[in-house]
Amino acid sequence: MRYSKLNDFPDHFLWGASSSAYQAEGAWNEDGKSPSIIDMYEHPKEYADFKTASDHYHRYKEDIRLFAEMGLKAYRFSIAWTRIIPDGTGEINPAGIAHYRDVIQECRRYHIEPIVTMYHFDLPYCLEEKGGWSSRETIDAFEAYAKVLFTHFGNDVTYWLTINEQNTMILHPGAIGLPKGGTLPSKKELYQQNHHLMLAQAKAMKLCHKLCPRGKIGPALNLTAMYPETCNPSDSIAAHNWEVLRCWNFADVPVFGWYHPLAWSYLVHREMEPEIAPGDREILMGADPDFIAMNYYSTATIAASRGDSTDVSARAGDQQIMLGEEGVYRAADNPFVSKTKYGWVIDPEGFRYTLRKVYERYRLPILITENGIGAPDRLENGQIHDDYRIEFIRRHLHAMRLAITDGVEMLGYCPWAALDVVSTHQGYQKRYGFIYVDRDEFDLKEMKRIKKDSFFWYQKIIEENGNSL
Ligand code: BG6
């Protein structure tokens, strides 16, 4: 669809940026914090671990001041459950509450809207030892944790995100590190965990609506449209298979209260469907998310399964993520898109396409909670010339403006990341921030904050409410 004039970005559009606790904060064992699974899992030894990260825990004031200078209207960050309730359940840690209260107040001081992720991959390790998400007790623990968050911060936070990328955790469990011993749960067990996460999420959403009069809450999923490799109908069926299993099944449950029919059939026919306890259906119904939060990086191109062992392959540039499944789909190449240095597809038009699909399906406003390009930024004479990042974000924002003109309701844009953080797989060799954190993989140096070229570019875009895009 071509237009002679594009719609403006909405007034009060949340121009923001993102981070997560374990990738930004450091201070992994300070002020009463207990270890999370991230702290205890095995990660590649050649990259930085998460113990010090970008030291955001100690430097949040300086960081938020810089965010304000950049003109951010919103800051999406996550709260570490392990700081709030170190034992996973029970006693509240006053130092944890005080820390996040300060972070929220600091945002408010600069009129930055805090957008809080309640859970970004970092389950308290003590709960993992008791069965983690395989145990129904973790649902109650999460509900109790949610209640603490809403009670303490409900007056100061409007936007809540329940669980970051539940679909990544279930479909690519190795992506967040390997449990000691290296064994990952079976698919059946993962789908049981998924069911428990869905129940925990629904309970948190209901609680938010009850306890926070101004509160708005949504799931934060990694969503992307799929292209069939050719117009062969079998490729289209395969692309639809994977789009449903990877995306819609995870968003349908909070919005519609039950699993996607195709996904449910897939689970039943493979004997992987979760056990449903009496009362579960009622819990899942009526969670009523207020918006869909969405992380978007790339699209995928899909072909029909050949039904042999070659259907499964590693995602380009990322050995931890395996794609393809016999009888379901296989990953294919797309000659019409480029790729990042790490092999991730760059596809702004696919962003527009995905936004249309998400809005058409759920008719809820969309908040972008991640989007960005990982790159090995180079510090030259005290500056970082990240023109590739400016280009990437500019093209995605233009695609978003087209989607807005298409009729998609957008709440805001919080790219990854506000500042450099530890990448899930490539430490500080792969950076995403608008603000450079001067440290190496193992040499912490002074962790000086340096504004990248993209910082000044984004500042201008925010100032003009995206009018030049
Ligand atoms: C998202 C995660 O999937 O991707 C972030 O929510 C992560 O936590 C981001 O950092 C980028 O991935 P990576 O592996 O390049 O850091």
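Helices (H or I, at least four residues) and strands (E, at least two) are DSSP runs, numbered from the N terminus. By that count, the protein chain has 15 helices and 17 strands. Its radius of gyration, taken over C-alpha atoms, is 21 Å, close to the 23 Å that the globule rule (2.2 Å times the number of residues to the power 0.38) gives for 469 residues, so the chain is as compact as a globular protein of that length. This is a predicted model: local features need pLDDT of at least 70, side-chain atom pairs count only at pLDDT 80 or more, and totals for chains, interfaces and linings use all residues. Residues are numbered from 1 along each chain as its sequence is written, and side-chain values use heavy atoms, without hydrogens and water.

**Overall fold**
- Along the principal axes, the C-alpha atoms fill a box of roughly 55 × 55 × 45 Å.
- Of the 469 residues, 60% count as buried (under 20% relative accessible area, 1.4 Å probe, protein chains only).
- Contacts mean heavy atoms within 4.5 Å. Among those between residues at least 6 apart in sequence, 77% join residues at least 24 apart.

**Aromatic rings**
- The structure holds 30 aromatic pairs (ring centres of Phe, Tyr and Trp, its six-membered ring, within 6.5 Å; planes under 30 degrees apart are stacked, over 60 edge-to-face, the rest tilted).
- Phe 9 and Trp 15 form a tilted pair, 4.9 Å centre to centre with 50 degrees between the planes. Both residues are buried.
- Trp 258 and Tyr 259 pair edge-to-face, at 5.1 Å centre to centre and 85 degrees between the planes.
- One aromatic cluster is formed by Phe 9, Phe 13, Trp 15, Phe 434, Trp 457 and Tyr 458.

Key: Buried < 20%, exposed > 50% of the residue type's maximum accessible area, 1.4 Å probe, protein only.
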